[in-house]
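Please look over the structure shown here.

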Amino acid sequence: MRQIFYYVLLLAILPMVCTAQNITLSGQISDESTGEDLIGATVYIPELEIGAVSNTYGFYSLTAPSGTYQVVFSYLGYTSTSQEIKFDKNINLNISLRSDYEIAGEVVITAAAEEESQNVESTEMSVIDVNIETVKKIPALFGEIDIIKAIQLLPGVKTVGEGSSGFYVRGGNADQNLVLLDEAPIYNASHMLGFFSSFNPDAIKDMKLYKGAIPSHYGGRLSSVLDIRMKEGNAKRFGASGGIGTIMSRLAVEAPIGDRGSFMVAGRRSYLDLLAKAYLSATKGDDLDGNAFYFYDLNAKTNYRLNENNRLFLSGYFGRDVLDSKNEGIRVEWGNTTATARWNHIFSPKLFSNLTYYYSNYDYFLDFKEEISRFKWDARLKEHSLKSDFGAFLNPKNTVRFGLHVIQHEILPGTVLSLENNELLEEFKIQKSRSYESAIYAGHEWTVSDKLKIDYGLRYSLLHNIGPQEVFKLNETYNVVDTIHHGSGVFNTHQNFEPRFGARYKVNESLSLKASYNRTAQYIQLASNGNSATPFDIWFTSSEQIKPQKADQFAIGIFKNLRDNMFELSVELYYKKFEDAIDFKDHAQLLLNKNLEGDLRIGEARAYGIELLVKKEKGRFSGWFGYTYSKAEKKIDEINNGHWYNAKYDKPHDLSIVASYDISKRFSLGSNFVYSTGSAVTFPTGRYEFLGVAVPVYSERNGARLPDYHRLDLSATLRSRKNESRRLQTEWVFSFYNVYNRKNAFSIDFKQEKEAPYKTFAEKTSVFSFVPSFTFNAKF
């Protein structure tokens, strides 16, 4: 371990000792009206053709030779500013940029054409920055803005079910996506059984999706990282925003804390149950008091600048779904809780550090009551983590990032209590598992020449299983042959090297070629045997019997900008190979199974495809066109006779067209059209009769498909007149989901005729047809 640490540290510091000293310009880039940090803002010196990008905390650092230069500061959706700066000593300069929304009420980019385009210039590929203002223009189910639904419209991202918030990236399962909210993982990112995501758009500032070329400072998942950042809060003045929609309402407030900090609090609640109570009471006289079906969530964040070099952040999220039926005696709850504390410290203009602690908890609870008996079931997954991260901005050609990350996992798969007259009759408990996941990492972004730029790194990760623990030893047929009792301390260890590499070759100012490779390892996974995830799926860690899953992904791409960076075009090809891929045997018992490992089957998987993206973010008309052709397959000896079979999320063709048009400062239109091949499913292909009962004979696993899926959504937004003397701004949003009323199949079930049991018929279930909705939003 010590030698590995020295190797990674050498990778981090080697560029430092090979770099000459120059003059450094550094500082923060923020929004002029709110004081919010701007992530990914560009600092550029045209005379030298060098630049830098602000990090996730708005910090930038740019080193240049002595001299006087024109320095341009820019950010998408903001008016660029330029200053003449004399580089004769290290300079700290904080810059505020003014949003174009503040100027014209629409997105008009005024940045100069000679500024760098990150689409062409950066080594990043398979990475998409999603602007929250763009998401707000996309037509949404019930008119509720949903960032996960927006992610599903991107190339390489797929969903299995209608309205589902789960997503699958480049052949990976839903649990192979690391979803972070202010660096804390969210283990169930949905409400109302998947129809809405857990993220309140009023609380979100920025999000970034990594489908590949994942940097070394991320780890723990095979397929993707969705990094979501909450707003810090308005540091200039008090503000509030909110909305009243068809099924939920939301409210957010933000304000400065003196002149050194700010805070933000945002909450929302659905009220389908309240509407149902009022309707049924008025029309049928039903008494629904005590019955409930709703969700709510609360986001909070504050930051405080101690001095120029030290800043503290505290943030938290609490979300909950509740289903309570008084008549049936059933209450079900599930939800996420996170808390994050971060300390930014600037050691020097070239060295930035961030220390993060987070707590994450996901739990669910079921309570069934009858007259005198009661059944209770609860389960949870809990994490504590500490991460120390450093960024060294050596010069415009060399940037290094390195750090250390430790996570404690604690999983309680389930405790079931059976009671009578509130006295315990029986207790059934799946043993708790504890483990420590740790990693050290380093990455180096190196501009070799004007044409060539590379980004390479290494992550070394470990998992320690911690006792006391009872482990079942299985034979070749997955039957228990022995039980091993481990005492306190480490009883099993897994370790993996995870190299990362990316390269960009710039053919000219508007065209570049890119390639990437990354190896990832995953130590915690989800036991789910259906076509869509449920709140009650079980998380479990790698162990003596279960090796960590691993994936190697290769990608190449062409990146082209057109018409002075007005349009961005990319074409990417990828191939991903999975080792120790997990699936489950037919008719696997996943819930309350003490020997869950006996129902697992281990093998290999592969995914490959081509992705096309054409994007326009400037001007009145904006949007994107995305198309993916892909395959995702698995091969496990004990499944499908050992032959390759389609993954449940294999959907070869996937097309998304998203467009919005600002007709005027007050009125805009939005639309999106989606088409995809139907999901892979297992259908009966025949039957035989046994004792008078028709027994189905099934196809190979996932050998059939649901009908193709397609849908058109439209929206219209009407804003109030802009008045400089009045801070209150309002808007009406009208959304029309599934405009041509397509009955897309959520599932197809095969049933027997009651009158003639030997006859079988197919029954299609559709979730949504045409859904009109409205939302009223206000902000001041």
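Arginine 401 is partly exposed because its relative accessible area is 30%, in a model that is predicted. Its salt-bridge partner is aspartate 389, with the closest N and O atoms 2.9 Å apart. Aspartate 389 has a relative accessible area of 9%, so it is buried.

**Salt bridges**
- Aspartate 389 lies in strand β26 (residues 373-395) and arginine 401 in strand β27 (residues 398-420), 12 residues apart.
- The count of salt bridges comes to 44.
- Lysine 158 and aspartate 654 are joined by a salt bridge of 3.7 Å, N to O; lysine 158 sits in strand β11 and aspartate 654 in strand β40, 496 residues apart.
- Both lysine 158 and aspartate 654 are buried.
- Glutamate 232 and lysine 301 form a salt bridge of 3.5 Å, N to O, and both residues are buried.
- A network of salt bridges links nine-residue members including Glu232, Lys301, Asp227 and Arg342.

**Aromatic rings**
- The count of aromatic pairs is 30.
- The ring planes of tyrosine 57 and phenylalanine 313 stand at 50 degrees, so this pair is tilted, with centres 5.4 Å apart.
- Tyrosine 57 is in the loop between β3 and β4, while phenylalanine 313 is in strand β23, 256 residues apart.
- Tyrosine 57 and phenylalanine 313 are both buried.
- One aromatic cluster consists of Phe142, Phe195, Phe196, Phe295, Tyr737 and Phe768.

**Surface patch**
- Arg237, Lys722, Arg727 and Lys779 make up a positive surface patch.
- Lysine 722 belongs to the loop between β46 and β47, and its relative accessible area of 45% makes it partly exposed.

Methods. Residues are numbered from 1 along each chain as its sequence is written. This is a predicted model: local features need pLDDT of at least 70, side-chain atom pairs count only at pLDDT 80 or more; totals for chains, interfaces and linings use all residues. Side-chain values use heavy atoms; hydrogens and water are left out. Patches are made of residues with over 30% relative accessible area and no salt bridge: like charges are joined within 9 Å, nonpolar side chains (Val, Leu, Ile, Met, Phe, Trp, Tyr) within 5 Å. Accessible areas come from the Shrake-Rupley method with a 1.4 Å probe; for residues, only the protein chains shown count as cover. A salt bridge is a side-chain nitrogen of Lys or Arg within 4 Å of a carboxyl oxygen of Asp or Glu. Lys and Arg count as positive and Asp and Glu as negative; His and the chain ends are not counted. The place of a charge is taken as NZ of Lys, CZ of Arg, CG of Asp or CD of Glu. Helices (H or I, at least four residues) and strands (E, at least two) are DSSP runs, numbered from the N terminus. Buried means under 20% relative accessible area, exposed over 50%, partly exposed in between (1.4 Å probe, protein chains only). Rings of Phe, Tyr and Trp (its six-membered ring) pair if their centres lie within 6.5 Å; planes under 30 degrees apart count as stacked, over 60 as edge-to-face and the rest as tilted.
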